[in-house]
Amino acid sequence: MKLGKHVVNMRIPILILALVLLIPSAIGYLKTRTNYDILTYLPKDIETMKGQNILAEDFGTGAFSMVVVEGLPDRDIAKLADKIEEVDHVERVLSYPSATDGTVPIELLPDELRSTIQQGDAQLMMVFYDTTLSADETLNAVEDIRAIAGKSVFIGGMSAVVIDTKNLSDKEVPIYVAIAVVLCLVVLQLSMDSFLIPILFLVSIGCAVMYNMGSNVFKGEISYVTKALAAVLQLAVTMDYSIFLWHSYCEEKKDKDNKEAMAVAIDKTLVSVVGSSITTVAGFVALCFMSFTLGLDMGIVMAKGVVIGVICCVTILPSMILMFDKAIEKTRHKALVPDFSKVSPWIVKHYYIFLIAFAVLIVPAFYGQKHNKVYYNLDSSLPKDLESIQANEKLEKEFNMASTHMILLDSNLEDREVRRLIEDVNNVDGVKATLGIQAIEGAGLPREMIPENIVNILDDGEYQLLFVMSEYKVASDEVNQQCDRINRIIDKYDSKGMLIGEAPCTEDLIKVTDHDFNIVNSVSIVLVGLIIIFVFKSVSLPILLVSVIEFAIFINMGIPHYTGATLPFVASIVIGTIQLGSTVDYAILMTNKYKTLRVAGVEKEEAVTRALSGSINSIFVSALSFFAATFGVGLYSKIDMISSLCILMARGAIISMFVVVLLLPAVLRLFDKVIVHSTAGFGKPKKKLAYES
């Protein structure tokens, strides 16, 4: 009881230190940058990312925006372009009036080129930035341009999408935490036996969340997805630890004074919580094996959060409980959640029903999770009333332009070869036009008369840049086939040429995440399986327990296929490992009780019944707390990526609860002989104890 005694004796200094640590945590939280561009987490060695670096380093422009200007004559568009160029970190503005110095009337352009840059009273311009797509300077520049431009100007492109994602996410994240806290508090008030203790739980976990988020400063930045989910998910997965401590403390108080009871409870809780938390940490560690490094970002933050949660559970929480012990006693009440243990004999007696249900559901569940519809287009997860989404829709509707690719070519490539390449690219299905210096020359302006700043945008002496206007949406099968054809054309003319832009990056994202799905699932299963082997010293139990939770995951992930829902691409990768890591504890809790009883000589049916009876209420409260922390956020969030992940996690907790409570007893009963003969510690069954007869 060394740790327990130290915590009890040092409870006042612990609480003072806990409060003091909130200050650097808050500073660290504020100094941790948030990355709102998911594509930056692609592997750095793929061609599209190398091309983005060339664009930033060689051309001095890491991003651009497509801007639609409505109802302005050419001279006013030129004035607007000059104003925009004065904005900090705007490198250049390319508009038809600026590209030709007003010397060639737009009416004299070839029809195909004119339709690309003008439709009715709407004209297209491009704004280039000297910083990368999601850099703070670029996002600030987009905001400044919006302030200058007014309502007749629509700014599309990924930088505009990123700034709208930032504004929406920053506004919603505090509300996520508030919703999770309130709903968790409701569940705890119903299931706990004191009105004050749930508040102490939430204060302790709140400190853990702050320490975790503040310590992210060492990473420099975290993704907005991680930031949005971290607090809610940490609350959901670490609530059990507080409940374990409280129940253990109440049990010890029956024959000990408060301080001694807490010292014993801390030591007992630490042993059980460490075992429980390891599987959760393993689930998050599995995310770190993704080549799409959003998984690494989320995995590090959440694994760290679980460890910090455990530390706070055995230090800060017991210190607060001892300090407020009298107030807790005054707010005692009877738990309002019914006792579910009475249904245990019926569940175990009718075990065959649940085995049949498993046999019936496993095939459609497996099929459903294998055939889900997934979206990769990042702006699909955002509300349609955002400025960037409206601008992109205007580009698509008025200019028939759903995406823009860029081609980087060797500057020394002969002009006639470039023109042939452009002709071939223009013949690819869905390509509206390909624009470069050749297009301006084709408009009747000799290269030597093209303004130098425009030439510098399109040719830096080593590479020349072409823009491909596509009718196809990012992440569609059509645009992916289009990119593949364009890449083959580029290879034909220039071995060092490359295709870059949002659509090619997203195509790479699809390939990378398809690979990651199998890796993460395999790693999480292996890690959790190894932990169960260590805990139970069994060959069969890891297979049985992981299979039970995997069945729950199949049901959870199969439902969207049958409801017609389309999931964000990250869902299929991260939900399985999070659900496995955080809910396999339900199965471990029941199995541990079952094993203890069987080793003591209790017959299998009675052992399973008593194991279920002794764990069902804990499983129910744990799953309901997880559900409460995530479900409300899922309903509220306007960012579909966040909403979908939270709904899936909430539903997964409830499904895992039912599968463990209903199916696991049947599995333990059915495979009892296998378990006994493949698990260390059973040996020769002991004689039945008198009080068990």
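A salt bridge here is a side-chain nitrogen of Lys or Arg within 4 Å of a carboxyl oxygen of Asp or Glu. Lys394 and Glu70 form one, with N and O 3.1 Å apart. This is a predicted model. A search of the whole structure finds 25 salt bridges. The largest nonpolar core holds 211 residues.

**Lys394 and Glu70**

- The two side chains meet in a salt bridge, 3.1 Å from N to O.
- Lys394 sits in helix H17 (residues 387-399) and Glu70 in strand S2 (residues 63-70), so the bridge ties together parts that are 324 residues apart in sequence.
- Lys394 has 18% relative accessibility. Buried means under 20%, and Lys394 therefore counts as buried.

**Arg33 and Glu221**

- Arg33 is paired with Glu221 in a salt bridge, and their closest N and O atoms are 2.9 Å apart.
- Arg33 belongs to strand S1 (residues 33-35) and Glu221 to strand S7 (residues 221-223), so this pair ties together parts that are 188 residues apart in sequence.
- Arg33 counts as partly exposed, at 22% relative accessibility.
- Glu221 also counts as partly exposed, at 27% relative accessibility.

**Asp170 and Lys227**

- Asp170 forms a salt bridge with Lys227, with 3.9 Å between the closest N and O atoms.
- Asp170 lies in helix H8 (residues 158-191) and Lys227 in helix H10, so the pair ties together parts that are 57 residues apart in sequence.
- Asp170 is partly exposed, with a relative accessible area of 31%.
- Lys227 is buried, with a relative accessible area of 17%.

**A salt-bridge network**

- Salt bridges link Asp193, Lys253, Asp325, Glu329 and Arg332 in a network.

**Nonpolar cores**

- In the largest nonpolar core, of 211 residues, Phe292, Ile321, Ile407, Met641 and Leu645 touch the most other members.
- Helix H10 (residues 224-252) gives the most to this core, with 18 residues.
- Apart from this core lies another one, of 30 residues, including Phe59, Phe399, Phe467 and Ile500.

**Contacts of Met641**

- Met641 is among the residues of the largest core that touch the most other members.
- Leaving aside neighbours within four places in sequence, Met641 is in contact with Tyr224, Val225, Tyr375, Leu378, Ser381, Pro568, Phe569 and Val570.

Note on methods: Residues numbered from 1 in each chain as written. Predicted model: local features only at pLDDT ≥ 70, side-chain atom pairs only at ≥ 80, totals over all residues. Heavy atoms only, no water. Core = buried A, V, L, I, M, F, W, Y, C linked by side-chain atoms within 4.5 Å. Buried < 20%, exposed > 50% of the residue type's maximum accessible area, 1.4 Å probe, protein only. Helix = DSSP H or I, 4+ residues; strand = E, 2+ residues; numbered from the N terminus. Contact = heavy atoms within 4.5 Å.
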